[in-house]
Amino acid sequence: MKPEDRATSAASPDSSAEAAEPIPRAKGDYLPLALLPGLAAGALAVMLWQGVPVSTWITLTIAALAMGMMIFVIASGLTLVFGLMDVLNFGHGAFIAVGAYLAMTTLVPLAGWVEANSLLFNLAALGLAMLVAMLGTGALGLVFERVIIMPVYGQHLKQILITTGGLIVAEQLIHVVWGGDQKPMTLPTALRGAVVVGNVALEKFRLLAVAIGLVVFLGMLLLLNRSKLGLLIRAGVENAEMVEALGYRIRRLFAVVFVAGSALAGLGGTLWALYRETLTASIGSEMIVLVFIVIIIGGLGSVGGCFLGALLVAQMANYTGYLAPKVALASNIVLMVAILMWRPQGLYPVAKR
Amino acid sequence: MPEPLLTLAGVHTHIGQYHILQGVDFDVPEGDLTVLLGRNGAGKTTTLRTIMGLWKPSRGQVTFAGQAIGGFPAHAIARAGIAYVPESMAVFSDLTVEENMLLAARDAPLQRARLNWVFSFFPALKRFWTHPAGTLSGGQKQMLSIARAVIEPRRLILIDEPTKGIAPAIVENMIRAFRELKRERTTILLVEQNFRFAEAVGDWALVMDDGRIVHRASMADLARDAATQRRLLGLSLEAQA
């Protein structure tokens with residue numbers, strides 16, 4: 001969690017004589033945040049030196065923002081699952097793919113709304129598609145957790161093997177149900193193209209992706225910091241056994257978090273397929289390596305770290321994709337290594353038992 | 001002799017292939033403080049964890065308030081009225097002191113009067129109320145761990161070596177707190193290696209060795225019996241004075 005001021009609740013004790021002495025506030029850890037503007041500034045410097053117009057830098061930065069948000073939506077569930085349940089779920093990619101395909105299928109009968117040149121109808125169609133995607137992957141997540149994950153609790157090697165197997169099976173099932181060909185994912189009419197500000201083109205869908213990503217992030221922060229459920233999750237990430245010893249059904253908490261994480265993966269997959277405007281069954285396995293890099297950079301179990309990591313990874317991918325495409329693939333691994341050399345537990349590690 | 005609140009009968013616990021508890025039998029009388037003594041590796045922590053449901057007994061019965069709880073999951077045992085203060089303290093470092101206490105108060109909202117009562121023994125918790133628990137010192141974390149177990153009245157509290165590495169001033173606070181709890185008729189099962197502390201708060205003594213109970217006595221009798229202390233615990237109270 002990013003350190004924030006926490007409001008004292010109604011149960012705060014009356015201070016009497018001790019009110020005089022100011023209690024020193026715990027120092028916030030804000031240094032990793034500097035990486036974001038740092039990377040952006042570095043890329044800008046390189047581009048200016050190469051004579052690239054600033055408008056290109058702006059476009060790439062917005063693209064990075066959008067991509068980062070989508071990766072965050074996908075990765076946030078995974079980091080909580082790993083932090084809370086100590087489960088390595090390589091099958092997370094299956095939820096990304098299934099979510100996208102469910103959304104695509106939902107949009108077919110809504111073609112009228114999608115084609116209409118009305119933002120309202122377009123958003124309604126997308127909203128419905130995202131809802132179906134989330135419900136579907138949430139349900140799939142529940143089945144996955146009970147059938148595939150539960151038998152291998154506590155055994156990391158078996159988890160990796162069986163969840164990777166689950167991913168492969170899911171992808172093949174997608175081929176069976178939907179066909180193995182590449183599907184087009186048409187953007188709704190009112191969301192195609194870009195808004196031009198000055199000499200910068202801001203793609204409309206990217207703006208929507210940023211908005212959705214922010215809503216998810218703020219929603220998660222609110223849930224984690226202001227609700228009892230959030231308290232349980234944050235405590236459980238540190239020490240699930242103690243949470244159970246305090247009288248809470250930890251297995252139920254695991255299931256809730258896993259289902260929520262799967263639903264978010266489905267949402268992220270939908271956004272990503274729309275962003276790329278194309279869809280294949282391998283969309284999940286393509287993303288999963290990036291997702292793991294993000295959660296490792298961010299610190300396992302930390303939502304704030306995941307957010308920061310996602311934005312950094314997206315920045316890296318977009319800037320190097322433009323400046324040095326040949327190293328684009330490796331650039332994120334280099335980023336991960338560099339960050340781990342600075343902070344081996346990730347940017348915002350959650351204290352473990 | 002008061003009715004036993006907790007009874008273990010022939011309890012065995014295996015951890016992997018290791019046979020840690022090899023037939024543990026004892027009663028914990030209600031309203032009193034029973035101390036579980038013994039050398040390192042005797043099986044004391046395993047006993048507490050088995051009672052709490054964190055490890056399943058492979059054989060034998062655990063009975064609490066007339067109900068067989070052996071094999072129940074930890075959350076059910078907690079809800080039956082048993083609280084646990086582990087050796088590692090297990091405070092949630094990223095949560096504030098307040099949030100730790102909010103989690104512990106599961107049956108009802110935090111009661112102000114009860115909270116003030118807790119603060120009277122552990123004033124540091126009031127000072128650091130909004131601070132992450134990870135910034136507390138070792139002694140303060142121990143206070144928080146105990147405070148979590150007593151913020152709501154429980155019938156039985158299992159405490160594992162609370163004085164280990166703790167400053168004597170805080171130990172004094174703990175002694176006062178335990179005496180208050182006994183006045184409330186809260187039953188306590190305390191694992192301790194610090195015999196002076198055990199003698200100050202305990203009514204009954206159980207000595208454990210090699211996964212079995214090897215001696216049962218009132219604390220007063222054991223405190224007088226230097227020979228048995230030396231034999232079982234490798235110490236005597238005079239030597240500690």
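**Entry 1: a strand pair in chain B.** I began with strand β4 of chain B, residues 59-64, and found that it pairs with β5(B) in the antiparallel sense over two bridges. I then looked for the partner of B:Thr63 and noted that its bridge partner is B:Ala68, which belongs to β5(B). I keep in mind that this is a predicted model.

**Entry 2: the sheet around that pair.** Widening the view, I saw that four strands of chain B form an open sheet in the order β2-β1-β4-β5, with antiparallel pairing. Which strands stand at the edges? They are β2 (18-29) and β5 (67-68) of chain B, and because each has a single partner strand, one side of each is left without a neighbour in the sheet. I also looked up helix α1 of chain B, residues 44-51, and found that it lies across β1 (4-15), β2 and β4 of chain B, while running at about 70° to β2(B).

**Entry 3: domains of chain B.** I noted that chain B is divided into domain 1, made of 4-81 + 154-240, and domain 2, covering 92-153. The C-alpha centres of these two domains of chain B lie 24 Å apart. Where they touch, 13 residues of domain 1 of chain B are in contact with 11 residues of domain 2 of chain B. On the domain 1 side, helix α7 of chain B (residues 168-183) provides the largest share, five residues, and by class that side divides into seven nonpolar, three polar and three charged residues.

**Entry 4: chain B against chain A.** Next I looked up the contact between the chains, where 32 residues of chain B meet 26 residues of chain A. On the chain B side, the elements that give two or more residues are α2 (74-79), α3 (97-104), α4 (112-121) and α5 (123-127), and α3(B) gives the most, with five residues. I recorded the classes on this side of chain B as 16 nonpolar, eight polar and eight charged residues.

**Entry 5: one residue, B:Asn116.** I picked B:Asn116, which is found in helix α4 of chain B. Is B:Asn116 buried or exposed? It counts as exposed, because it has 12 C-beta neighbours inside 10 Å, and the cut-off for exposed is 12 or fewer. I also noted that the C-alpha atoms of B:Asn116 and B:Ile151 are separated by 9.9 Å, although the two residues are 35 residues apart along the chain.

**Entry 6: confidence.** Finally, I wrote down that the mean pLDDT of chain B is 92, with 96% of its residues reaching 70 or more, and that the model scores ipTM 0.93 and pTM 0.85.

Definitions and conventions
Residues are numbered from 1 along each chain as its sequence is written. Chains are lettered from A and ligands numbered from 1 in the order in which they are written. This is a predicted model: local features need pLDDT of at least 70, side-chain atom pairs count only at pLDDT 80 or more; totals for chains, interfaces and linings use all residues. Two residues are in contact if their C-beta atoms, placed from the backbone, lie within 7 Å. Ala, Val, Leu, Ile, Met, Phe, Trp, Tyr, Cys and Pro count as nonpolar, Asp, Glu, Lys and Arg as charged, and the others, Gly among them, as polar. Two strands pair if DSSP finds at least two bridges between them. Axes are lines fitted to C-alpha atoms, for helices over the stretch in contact, and angles run from 0 to 180 degrees between N-to-C directions. A residue is buried if 20 or more other C-beta atoms lie within 10 Å of its own, exposed if 12 or fewer, and partly exposed in between; C-beta atoms are placed from the backbone. pLDDT is the predictor's confidence in each residue, from 0 to 100. Domain bounds come from an automatic or database domain assignment.
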